[in-house]
Structures are given as C-alpha cells and as structure tokens.
There are 12 protein chains.
Amino acid sequence: MARVLVLNGPNLNLLGEREPGLYGAVSLAAIEARLAALGAELGLEVRCRQSNHEGVLIDEVHAARQDCAGLVVNAGGLAHSSIALADALRAFAGRICEVHLTNVHAREPFRHHSHLAPVADAVLCGCGPLGYELALRFLAAGATP
Amino acid sequence: MARVLVLNGPNLNLLGEREPGLYGAVSLAAIEARLAALGAELGLEVRCRQSNHEGVLIDEVHAARQDCAGLVVNAGGLAHSSIALADALRAFAGRICEVHLTNVHAREPFRHHSHLAPVADAVLCGCGPLGYELALRFLAAGATP
Amino acid sequence: MARVLVLNGPNLNLLGEREPGLYGAVSLAAIEARLAALGAELGLEVRCRQSNHEGVLIDEVHAARQDCAGLVVNAGGLAHSSIALADALRAFAGRICEVHLTNVHAREPFRHHSHLAPVADAVLCGCGPLGYELALRFLAAGATP
Amino acid sequence: MARVLVLNGPNLNLLGEREPGLYGAVSLAAIEARLAALGAELGLEVRCRQSNHEGVLIDEVHAARQDCAGLVVNAGGLAHSSIALADALRAFAGRICEVHLTNVHAREPFRHHSHLAPVADAVLCGCGPLGYELALRFLAAGATP
Amino acid sequence: MARVLVLNGPNLNLLGEREPGLYGAVSLAAIEARLAALGAELGLEVRCRQSNHEGVLIDEVHAARQDCAGLVVNAGGLAHSSIALADALRAFAGRICEVHLTNVHAREPFRHHSHLAPVADAVLCGCGPLGYELALRFLAAGATP
Amino acid sequence: MARVLVLNGPNLNLLGEREPGLYGAVSLAAIEARLAALGAELGLEVRCRQSNHEGVLIDEVHAARQDCAGLVVNAGGLAHSSIALADALRAFAGRICEVHLTNVHAREPFRHHSHLAPVADAVLCGCGPLGYELALRFLAAGATP
Amino acid sequence: MARVLVLNGPNLNLLGEREPGLYGAVSLAAIEARLAALGAELGLEVRCRQSNHEGVLIDEVHAARQDCAGLVVNAGGLAHSSIALADALRAFAGRICEVHLTNVHAREPFRHHSHLAPVADAVLCGCGPLGYELALRFLAAGATP
Amino acid sequence: MARVLVLNGPNLNLLGEREPGLYGAVSLAAIEARLAALGAELGLEVRCRQSNHEGVLIDEVHAARQDCAGLVVNAGGLAHSSIALADALRAFAGRICEVHLTNVHAREPFRHHSHLAPVADAVLCGCGPLGYELALRFLAAGATP
Amino acid sequence: MARVLVLNGPNLNLLGEREPGLYGAVSLAAIEARLAALGAELGLEVRCRQSNHEGVLIDEVHAARQDCAGLVVNAGGLAHSSIALADALRAFAGRICEVHLTNVHAREPFRHHSHLAPVADAVLCGCGPLGYELALRFLAAGATP
Amino acid sequence: MARVLVLNGPNLNLLGEREPGLYGAVSLAAIEARLAALGAELGLEVRCRQSNHEGVLIDEVHAARQDCAGLVVNAGGLAHSSIALADALRAFAGRICEVHLTNVHAREPFRHHSHLAPVADAVLCGCGPLGYELALRFLAAGATP
Amino acid sequence: MARVLVLNGPNLNLLGEREPGLYGAVSLAAIEARLAALGAELGLEVRCRQSNHEGVLIDEVHAARQDCAGLVVNAGGLAHSSIALADALRAFAGRICEVHLTNVHAREPFRHHSHLAPVADAVLCGCGPLGYELALRFLAAGATP
Amino acid sequence: MARVLVLNGPNLNLLGEREPGLYGAVSLAAIEARLAALGAELGLEVRCRQSNHEGVLIDEVHAARQDCAGLVVNAGGLAHSSIALADALRAFAGRICEVHLTNVHAREPFRHHSHLAPVADAVLCGCGPLGYELALRFLAAGATP
C-alpha cells in the first residue's frame, strides 16, 4: 500500500477557527480524519503533518523522499514566498498536488503566484476542504496524461 | 436532477490527436462519455459542448443561465485573453469550476493568468482528463466553504 | 437623412437581466427603441445590431462603411482585448463614439484600457443607458472642435 | 431649482486662443453662456468657476458641498496629477461628471489616467465644448443606473 | 503536388480599399490570383481563405492538418491577441510562415508582439503584398537551416 | 545597374561552423556567392561586407550613402543593442531590409527587440540563408506598398 | 520654549465632517486645541496651520525655518504627489514627523508612497487624531536613535 | 487589566550592539523593561517575546489570540517577506500596531513595503525605541477613528 | 528690444541659503541682477518672477504670451510633477529653455524626468547659476537648428 | 589561527543525492572534510553548519559574530528571499563570501537576484563544490582591493 | 592655457548632410573651427576628435586623462547604450559637459536616458551647434556651484 | 599543456591608476605576470589580451576557438551591454569563467545583469585581482559538477 504525505503549512492549524466564512468551519483534525478514511478506500496510507515552521516542512519533505509515493501540500502563505520549500519539492521524485482552500486567483495579487505551483504536477484551488480529497484521488489515479 | 454544462473551447476538439505527450491520448468524445457516466452516479445531468468560436461559447453560457446549476469550463487559449467570456460567466448564477488539462503554471508565462479564474469558484489544473471528473465532484458537493 | 450604426457587443443582450444594480434594469430592446425615437428627432436613422461574436461585429462595421455616417459602439469586454475590431473601426471614415454603461475607471484595472478608445472620436462612460442617447447627440452635432 | 458647479482648471481660461485646432475656437465665456441657457432649460442653476490654482479649485469644491447638487469638472492637467483634488471630490455628496474637451485616450500616455475618473460618476471625453452640455444633461437625468 | 494554405484574418478582405497608403492598392483577390500562379510555378497548390472570425480561422487550421504541407498566415489584429489561434498553429505539423503587410515594428507598440511569431518558422513583415510571394518561396524551399 | 550593400555583423563570419543546427551549415562565402548570382539575375550589383566591429559597420553604411540604392543588414547581436548603427541607417536614403537567420521571436526575450527594425522597410527572420535572397528580391521589387 | 509647526494640507479642514467613519468625528479645531494643551505639557509651543494650497504650505515651511525647532506634517493628498513640498522640507533643519490619520498602507496603492516620507525623521499612520499627539511626543523626546 | 504582546523578530536581539548609529544603543532588555513600566502606567500587562524564527513568531501570535487584546510587532526583515506571519496577524482579533525603529522609507527600496502593514491598524516608523512606547499608547487609547 | 521671462518655481527663493553645497551660495536676487546685465548686453529685456505657487507660475506664463519672445524656466520640484505648467508652456509661442541648477540625472530617480522638458526647445542642467546665463545666450541666438 | 564559519542552508544536506547532474555527486560531509583540510593548509579553522531553518541560520551568524573572522554562506533558496538572513550578515563584521554551486544566472529568473549578494564581499557561482574551496582561499587572502 | 577635448561619436561626421531639418546644416568641421576660435577667446586650447568606433572614443578619453582639464562629449547613439564609455569618463578627473544637438527629451523614449549623464557635471541638449559653445563657456567658468 | 585566454575589456588597461580604492592598486601587467606564474604551476599556458574595442574582443574569442581550452573574461562595462560578445562566447566550446574585480551586486543596478553570465560556466565577483587566479584554478580543475 502506497504512502502519501499530506503537508499543511503556517496557520492551517487554525482551520475551523480562523475566518470560517473564508476557510470553512471544519477543523484540520476533522479533515485529516476524512483523508485517512478516503485514503484507505483508495489504497493509500495517509501521513498528515502540519507546521508553522518552514524548516520543519522542508525536513518533512526530505523524510518523505524515503517512504512516500505522493505528496499533497498546502503551504499557506509560504506558497507565495518560499523558494526553499519549492526546492525541497524539486528533490521529491513522486507526484505532487498543491492545494489551496480558497480560490487564490480571486484574492489579493500576492496570492496569485505560487513558487510551488511550477514544481507540482497539479494545482487545485477554491474547493475548500474537499480539495484535499480530490488531491488524493488525483494521486491515486496515477500518471498524467 | 441538476444539470451541468461542460464547456470546452478552442482546439480541445483535437484532444487525443494533438501533442498526446502533453494533452493525453484520450479523445474528447471519450472524456465526455466518462463524464456522462460519472454525472449519472453523482446525480447530475451533464451537457457537453465544444466550440472554437468565442461567440458560440458565450451563447452557450447565456443558454446555461436558464437551465444549468453548475458549469465546468476549459476555455483553452481563450482563458488567457477573453474578458468577454469571463463577463458571460459573471452573469451565471451557479457554481463554476475552471479546468486546465496541463499545469499551466509550469508552462509559458502567458498561460499563468486566466481571466476566468477570478470568476470561477474553483480552478483545477494539471490533472489531465481526470480534472473534468474532479470538477464534477466539486460541483456535486455543493457550496464552499 | 444620415444613418448611424449602434453596435453592441458580447453580453449586452443580457441588459436588464444581468446585475441590474450595475448595468441597469432596462432591456436592450427598450434602449434601442428610445434611440430610434431620439434619432428621428435629431434627423438620424438608427440601425441597431448586437452580437456576441467578434467576427460578426467586424462584419457589421465593414457593412457600415457603405451606408453609415456615424457609429456608436459598446463592445463590452472586447473593448479591452480586440485589436481586430479596433482595426475595423480604423477603416470606418465617419465619426465614432465609444460608450460604456458603467464608469470603467472605477472598476477592475483591466477595464481601464480600451483598444477602441484611441480610434474613437469621443468616449462616454458611466452614464448608463443615457450614454447611448448622449452619443447620438454627439454624432448629430457634427465635427469637433 | 437645483444648482450645479461647472469647474474648469488650469489653462482652460485660454479656450478659443490656445491651439484652436485641438481645443476649438469657442471661448470659455461663450461656453459658460451656453451652459447657463441649457441649464435653465433643464431646470438647473449653473455656477461657473475657473482657476489655474489647485487650491482654489479645492476650495470651490468644498463650497459646493454646501449648496450644489451636482458638479461638472474639467481639471485640465491636474486631472492627471492631483490626488488632493480627487480627495476633495470624494467629499462631495452629489453626482460628478468629468469632462475632457479632447479624446485623451488618443493623446500622450500621461493623459490616459485621471485621478478624478474613479471618483466621478461619469466621464465624457472628446466631445469638445459640447461635452459640457452632455454633462449637464447627465446630471439633470438623475441617478444611474 | 504539395498543398499550402494561405490564411488571412480580420480586415484583410478590405485590402486595396482600406488606407491604401499603408496597405497598398491591390485587392486580396488580386493577391490570391498571383499566389496561385506563383504556386503553380513552384509546384505548390495554393488554397486561400479569409475570415473575420477567429473561430473560422482556427477551424481552417484544423482542416489544413489533414491535407496541407505548409501554411502562410496573416492574422491581422488577431496576431497580437489570439493565443487560441497560436495554439491551433502549434498543432499543425508543417512549416508556417507569418506575414505582415506593413513593418509592424515601426508602428504602435501593441503591434510589436505577435503570439503567432514564436510558433511560426519564419516571419516576414513590411514587404507589402510581395510578402506572401516570398513566404511561398520560403515554404517551397524546404527545411531550415 | 543598381548597387546593393549586404552587411553582416558580429559572429556571422562563423557561419557554417558555429552551431550548424541553429544557423545552418553554409558558410558566409557560399551565401555571398549565391547573392552575387541572384543579384545579377535581378539586375543588382551586390557588395558584401562583414565585420565584428560596430564602428566598421557604421563606416560601411556611411559609404553606401554615396553609391548604393538598397541595403540588406544582418547585424547579429548588435541589432538588439546598437542605437548608433540604427542612427547610421536612418541617414541612408535607400530601402533597407533587415534579415535574421533564425526566428528571433522563438528565442531569448532579449532577441525579440531590434533597434534596426523600426528603421528598416522590411524585416525577414527565420528563413535561414534563404532570407538574404528574399531580401534581394524585396529590394529589386521597388517601393511598398 | 521650543516652537513646533503643525501643518495640515488639502481637505483636512473638513475633518469631522468628511467620511467620519474613515477620518473620525473630531474637527481640526478640536485637534489643534488638544495639541496646544499637550504641547504646553511637553514644553512645546504649537503653531497650527492648514491650507488647501501647496504654495501656502511651502511658504509656511519656509517661515518655520526661522523660528521652529520641529515640524508635524499631514499633507493629505499632496504627500503622494508634491516633490516641491518635499524639497521645502529638505531645507528645514529641525526634526520632522509625517502623520496620516488613516493607515495608508491598507488603502489604494497610490497612497502607499509618500514623497515626504524619506525626508521626514519619522512617519506615523493609522492612529487617527491621536497620531498628532504621538508626533508631538516624538519631537519632544529629542534625537534618534 | 488588558494584556498586550510585544513581538520582536529576527536580529532585534542584537539591539544596542548592531549598528548603534542606525538602531540606537539601547538593548532590547532595556526597552522591554521600559515597556513594562509604561504598560503598568497605562493599565496594560505587557508580554515580550523575541525570536529569529518565523515559525516561533507565528506560534506566538496564535497564542496571543487566546489572551491578548493588542499586539505590537516589529518583525525585522520578515516584515518585507513573510506572508505567513501577515496571515497569522489576520487571524488576530485585537488591535495591531507595527513598529520599525528606523524610517524604512528613507532606506533601501525593498524595505518600503511591509506585508504586515495592511493588516495592522497603525504603523509607526523612525521613532527609534520610543516607537514601542508610542505604540503602547496607541493600543491603550482604544479604537480609531 | 525683445523681452524674456525668467521664471523660477518653488524653493528657488531660498537660493544661497538652502544646501549651498548643492545649490550654490549665490542668492536669487544676485542671479537676477546678473541676468539683467547680460540681457542688456545681448539686447534682451529680462523680466524675473519667482513663486512657490503653481497657479501663479501658470498665470505668469499666460501673461508672457502677450509680451515675451522667450522664456527661461526652472520650475524646481514642479518640473517633475506639473502637467498643468507644461500645458501652459505648450500654449507659449516663443522659444523655451528649461534650466536646472544641479545635474538632475546624477540625483534621485524621480528627478530624471521633467514634464517640461519635451515642451522646451532646450534643457540645460548642472551648470549652477551660470545655466541661466547660458539659457539667455541660447534665446538670444535665435532658432535651431 | 582564525576561525571561519561555512554555513549551508536549506536542501544542501541532500548534496550528492539530489539531482547529481545539477549539483554534483559529492556529499556535504565530503565537502566539509575537504574544507577542513584546506583550511588547515591555509591557517584557518573551519566550522561547518547546515540547517533547513532560516532561524537557525540567523542564530549561527549571530554566534559567529563572537568568534569568527570570516564567513562562507550558501543559503540555498533563502538567498533569493530572506531579508532577515541578509540583515544578520549585515551585523557580521568580518569578510563574507557567498557561494552557489550552480551558475544561478543561467537558471530561472528568480535565482538571478540574491538578497545576500550586496551584503557579501565576494560572490562565486557555478564552480560546484570547488566554489567553497575558492571561497576559503578568498577569505585567507585578506582584504580587497 | 588649459586644454579641452571635444569628443564626437558615431554619425556626427555626417553633420550638415544628415537630416538637416533635425541636426542643422552646419558641418562638423565648421563647428570645430568655431570652437577653436571661441576657445582661444576663453583661454582654452580645443582638441577635436570624432569617431564612429566606441573603442577609439574610449582610447581618446584615456589619452585626455594625461593632458586635458575638461571634456565636451556628444556620443551620439552611444550615449544611450555604452556603459564602457561612461566608465572611461568616470576615470577622467576634470570637468565633463555632455552635449546633444537635439532635445532628446522630445524624441523617442530610448533617447531619454544617457549612461553618460550621471557621470557628467552638466548636460546641455537642444541648443543645436551652439550647445558646444555653451559647453566651452561652462568649462571655462570653473567649478560648480 | 592546455592554453587559456585571459581577456580583459574596456578600461581595464587603467588598473592600478583608476579609482584604486575601488579597483585596487595593482596594474594589469602585474596581474598578468602573476597569472602566467600560477598558470605554469597549474599546467596551463596563459595568453593575456586587453582591448577597449568590442570588435577586437570578439576577434580574440574567435581566435581562441582554434587553440584554447578555457577562457577567463572580464569585459568591463561591455558585460552589461554586449550581446555580440556573449554570442561570440556561445561559439566557444571550452569552459568560460567570468570575473569582475568588484562585487557588482553591491553597485549600481545596471551592473547587476551581465549578458555574459548565462553563457559562462562560472562567475566570480568581488575578489579583486585574486579573482583571476581563482578563475584559473576553476579552469584547471576540470568539469562541473
């Protein structure tokens, strides 16, 4: 059974509390539980990590190089500023799906560009918590095109 | 049973023939057949339209205002240039999911910006033909967040 | 009696229905009726055309080269993207007045620039449906300055 | 009977003398006389002011807050540089119509942007002296849309 | 005998009538006749098409994928705005030569960039109607370098 | 018999040796021989010069003011940086055709702009060595349009 | 006892009346009274001036060169456009504190840059009327760092 | 008694040692002691934290959501690059005052823009260590305007 | 005897006092005395005006239209921001020479562009007070080239 | 014997494993061993540190202020985004040499600018692991020029 | 008697022949003769050099370091592109006056910026051949301010 | 024994004389002597050339294609403007190391970009004359990585 890392970055620990009108009312724990269940259904073991520290996120990506076949990443604000995290993802051999809860293209201009996007295989934004589930389905489906 | 319009723009009639290494080897007809099947499973009636003419696409969006609850749109190159199509989507009351077969963020700079993206609710790119299916799932799942 | 073409572009067929708070509650048919009446008063025969197709609009401008002395044009979203339509207007010998229902300068940046504006003799924006009537008056008044 | 301020900025006192091929051969006094007459016809009392001093123009706008229901403004070169005048207009509660004698969009790039335009309700350019009259008609017609 | 498509876009049906000082006094029909003759001389069958509709032009390119070995394209104003037409050309396997009647580099800045140019094999501008003939010669000469 | 200067700039002396996949396998001497022959056929005397020195190229253009009726110029990298050479061409009364062996629009962005292009009458790029021959034909054909 | 000039620019005479939700409900006179009182407490004599005329503001700065040890300036919209006022401040030897009532960084982009800011010693924005009091405290506290 | 977090970012632990001509000779500990004293006077309990780690600063902001009514933040170089920290501040309900010791507008261009500024209520720069005290006074004074 | 207006803008009344290392130690009165003397020598009557008010400067240019054959202008900071003053100069029929005491191209970027420069016939910068004298010589010498 | 800190940032722990075609096949440990040996030869004690955490890197620079005379830094992706790390280096009194393994100027545009470069004394890029050794030699050689 | 170098760059050997409406009808030899005469009057020995070769111009500046006290330079098109010539001027200890015959600020945008201008002490443009004489007067007058 | 060309461009003949505080007090001859000695030590024959003429530098690179295995280039100001020299280097098959004496990233913005850098294998800046020696060591060390 393939393993997948679901990596959440800064402020996503506040999901369900922070601006629920924008980010939804579901907590990260609840989302992670759903992903575990869906993963099981799709034949994927799901490892979930969240950190507000860029360095920890990079360490997690490095660790995933050893034992994960795919990676779902929502780096929060770091998506728009962290070349270092993007470089870590470049060193990851498996498939990568970037997720944003909100439709970043309908928000402030500084959210329109993600350093991670050109490194990822797919990018999903605006689907809310469902986005993580769609990302799992994408990883489960295998190579594109 | 809710109806959904799946709208494909210029050059997508060539799917399966054109640069299969980039866009995949599946024809548009095959994709549309899969969407009909998945729609049935999700309780959605799927209407598929493709045109190389911007005006026809706008007319289709106008028609969908009467009888569709959601819209999946892959406008091809028009995504990056057509304000008129984006304005037509602004006049559509239901949910909208933009789809790109390829990860546009890993391609030429002129593909990084879509006039449709800020009008859509969600944007999925880089999932290949599977992207249309994930879009249907998004529409079926109801409102965000 | 001089003839004038009033040309409306994409999405303007939705006038009265689409975002009435922004574009007004009057239908295009009602506006065109008013223009016919005002035209008669000013000694102008008014021909009205609307299309969502850039090519049709260009064809209409070409036709007007034969039998119209003036042109009122609201190209909707094409104003901001269509060099081809602007080139068609460059080939029109009579006076041209561009109209926008809303004050485009108070909206999104991509609406601030019109490819048609430098080709037109006058540009009126933000007057709502009344703008078309003022445009007729401008055409009826003859040359500037 | 509602009162309207027609405010002209720097260099407009030279109308009729300065580059008549560009700005027309009619003097400002003659234009103001026409506006008084048309205003009477439309039920508007027209107060005309011109100054080459930004500060005086701002003072006039402040005064108009007390006793005018509408404002026509052609700020000349200040339109492109004066945020202070735009801020004064922001503090005016009535309707505002910006006028330019020439089609600024067909001239030098620095004339394409007006700080006043996003504060105004409507913007008319390229109609020559007639533009002031169309502006009065716009103010007389009441709210948009 | 190889077949070549000569594709003309918006406003080129006006050749000979529109601004002859800029675009020349020869009609499109006359140019096409010359091209047929030169083609015969060079061993090329020349198919000529003109449309003011972007969609029709794309359809023509798609059709040419079946039976043409080369393509001469003058897309008029669409050269500067149509990513969709450029994408259609990307799907064409034969050689492509873009032609502009005028030297676009000596005109307005928005004419300096063509979306088609990086897709074409060669670009000829400023040669007037002769440019089409030179383009035929280029296609007849075979591969570069 | 009219005389024409064919002027080649920096690095074009390496033709045939340097990156033949990009610039072709034909030497400059061979190209110049072909041009002499074609010139004879077209009634043009062809003078060929090459230098890696901007100053020498300018001197050659000055000399051509005395005895040449036309000029073909491929300035290599200087096309993108030399205003001084462009000014020299401005002082040349005859017709000028700029040539690039490769399609510069499909290469690095700094090659997209040529200081010489707006001074030239025509610009041909991407035709390989054949481009020089087409340029001769253009000069032989007389004035545009 | 040191003297300090508190200089307010265009539209600040409207404080308390204009958009109180944005600028507060306190009049300029009331603010100036508070500043006189606080000045006395801090050992500063406070001279207050307001004008809508850039020239008058410059004259006031020139006068303050003779008899003031510090300067508090809120130039309103002129902060973003007046190089002349900034140059006047450059000629003032004492300490300068720029004040904005609102947080200009959370407003329109043209308010993000102040020509006065690089000339001032300190810049306070978003504190409302309290900002003037904090500025007095800064001037009273002497040199930085 | 309300609690306030005073949060200092990278390199501010060096205060008093690093470039004293620029940042002053007072240590961070001395500043924090003064703030505690002033806080007591103003009825505020002051909690001081410093870290060179972006992640720790975000964690501190998250913690302050539970028990602080206001926040003073000097994020050092992170002010100009950390969208993640700005997002953390967006999730803080109380009032926020950004402080810079130096006048960033008189320094390198990359210091002119702060990602935190549009999230803060007020921004104070160039006041040296006194700036923290003024920030406390701002927080103590309650809501603006 | 021809009359010439020497017009000085904001802050130039401080010449000799303000930053003498940058602007020189000579007062404006002394400069004007020298210009009167030199003017007499060159057969020019020199009228000198200085104001810190843009409106007054514009009024002076308007007055000069009646009785001056040439104009020397140093608009101080207004050179970089006042389109209105530039427009006034456009309405002046005689020759215009812009003067800057310092070499503006060696100073801050916002001083590199002058709105007046493209309207002037000549621009002299960096000559210190001597620049005014050279400007008089230029006006006395008659038309260029 | 002088001490030197060799500081490596995010992802450099993967040296030898990650994209060896780009970054080389030598591990960081092997490089550090070589540097220790070369340092001994040059009379330098070499302390090596690597971290994926910006905060840790800043802490290391702070520590080096106490006991190191020179600093070699390869900050990986942080070079392009971390103003905070650059500020830490500004507070370091000794000589600094920035190293990049690859020639960043031949890679993506976002790698062309380093926030550290203007703070460093020297910058070496594209030398692969040898670059660290050249950097040691530079530090050993003493002051420039 | 001090010596001054008057250095003219590319295409200035054509003065009097090239576009006399723009550059005047006086030859360079005639100008140089005038300068010798005026120099004698002012106590300056004038050495004149012209070259179309950037390298020769640099060599001349190097030579002038040995025996010239001042330098007048009109580098033609090289002013806008040659950093190498500007660097040569940086190594010249005497005073430098840049001259342009035409008012470059009223011409194409690429002529608005000169690499030499920030290195020069003064810049004179638009005075035609008289500009060289004014430049000599500036050099003769000694130091600014 | 492999041969290496050390190529110096404009103004580097002044080394030791020009701004020694910036470029050092060592003459180019002394540097070249050192390089010959180090080359001998490393098994490299070093050929040194300097010219202020771009064309000569290009000729030298062409010659080096015949008999040199590596190239050290410091093109002075041409690094920032000469695409022609960069193209010459593109035609050189051996390894290339660009050198700048100063840290160009800490100087004027126009020195931050080098046209040669993306063509070189390595770039060393800020090491003073030692940089040439490090460059020799790089070339002697063989291929990267």
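**View 1. Salt bridges, and one pair in chain E.** Across all chains, a search of the whole structure finds 132 salt bridges. The term stands for a side-chain nitrogen of Lys or Arg within 4 Å of a carboxyl oxygen of Asp or Glu. One such bridge joins the side chains of E:Glu45 and E:Arg3, at 3.2 Å from N to O. E:Glu45 lies in strand β2 (residues 44-50) of chain E and E:Arg3 in strand β1 (residues 2-8) of chain E, so the pair ties together parts that are 42 residues apart in sequence. Helices (H or I, at least four residues) and strands (E, at least two) are DSSP runs, numbered from the N terminus.

The model is predicted: local features need pLDDT of at least 70, side-chain atom pairs count only at pLDDT 80 or more, and totals for chains, interfaces and linings use all residues. Residues are numbered from 1 along each chain as its sequence is written, chains are lettered from A and ligands numbered from 1 in the order in which they are written, and side-chain values use heavy atoms, with hydrogens and water left out.

**View 2. The contact between chain A and chain B.** Chain A gives 26 residues to this contact, and chain B gives 26 residues. Contact means heavy atoms within 4.5 Å. The two chains bury about 1,900 Å² between them, with 67% of it on carbon and sulfur atoms. Buried area is the accessible area (1.4 Å probe) that two parts lose on being put together, summed over both. Between chain A and chain B there are zero salt bridges. Six residue pairs are in polar contact across this interface, both residues at pLDDT 80 or more. A polar contact is a pair of N or O atoms within 3.5 Å; within protein, one must be able to donate a hydrogen and the other to accept it, and residues adjacent in sequence count only if both atoms are side-chain atoms.

**View 3. The side of chain A that touches chain B.** Elements giving two or more residues to this side are α1 (20-23), β5 (122-125) and α5 (130-141) of chain A. The largest share, five residues, comes from α5(A). By class, the side holds 17 nonpolar, seven polar and two charged residues. Ala, Val, Leu, Ile, Met, Phe, Trp, Tyr, Cys and Pro count as nonpolar, Asp, Glu, Lys and Arg as charged, and the others, Gly among them, as polar.

View 4. β5(A) is joined by three bridges to strand β5 (residues 122-125) of chain B. The two strands run antiparallel. Strands pair if DSSP finds at least two bridges between them. A:Cys125 stands opposite B:Val123 in β5(B).

**View 5. The axis relating chain A and chain B.** A rotation of 180° with 0.0 Å of shift along its axis superposes chain A on chain B, with an RMSD of 0.0 Å. Copies are superposed by least squares on the C-alpha atoms of residues with pLDDT of at least 70 in both. In chain A, the C-alpha nearest the axis belongs to A:Leu124, 2.3 Å from it. The same surface serves both copies, as 100% of the contact residues of chain A recur in chain B.

**View 6. The axis relating chain K and chain I.**

**View 7. The contact between chain K and chain I.** Here 26 residues of chain K meet 26 residues of chain I. About 1,900 Å² is buried between them, 67% of it on carbon and sulfur atoms. The count of salt bridges is zero. Strand β5 (residues 122-125) of chain I and β5(K) run antiparallel, joined by three bridges. I:Cys125 stands opposite K:Val123 in β5(K).

View 8. Chain D and chain H are not in contact, and their nearest C-alpha atoms are 17 Å apart. Chain E and chain K share no contact either; their closest C-alpha atoms lie 12 Å apart.
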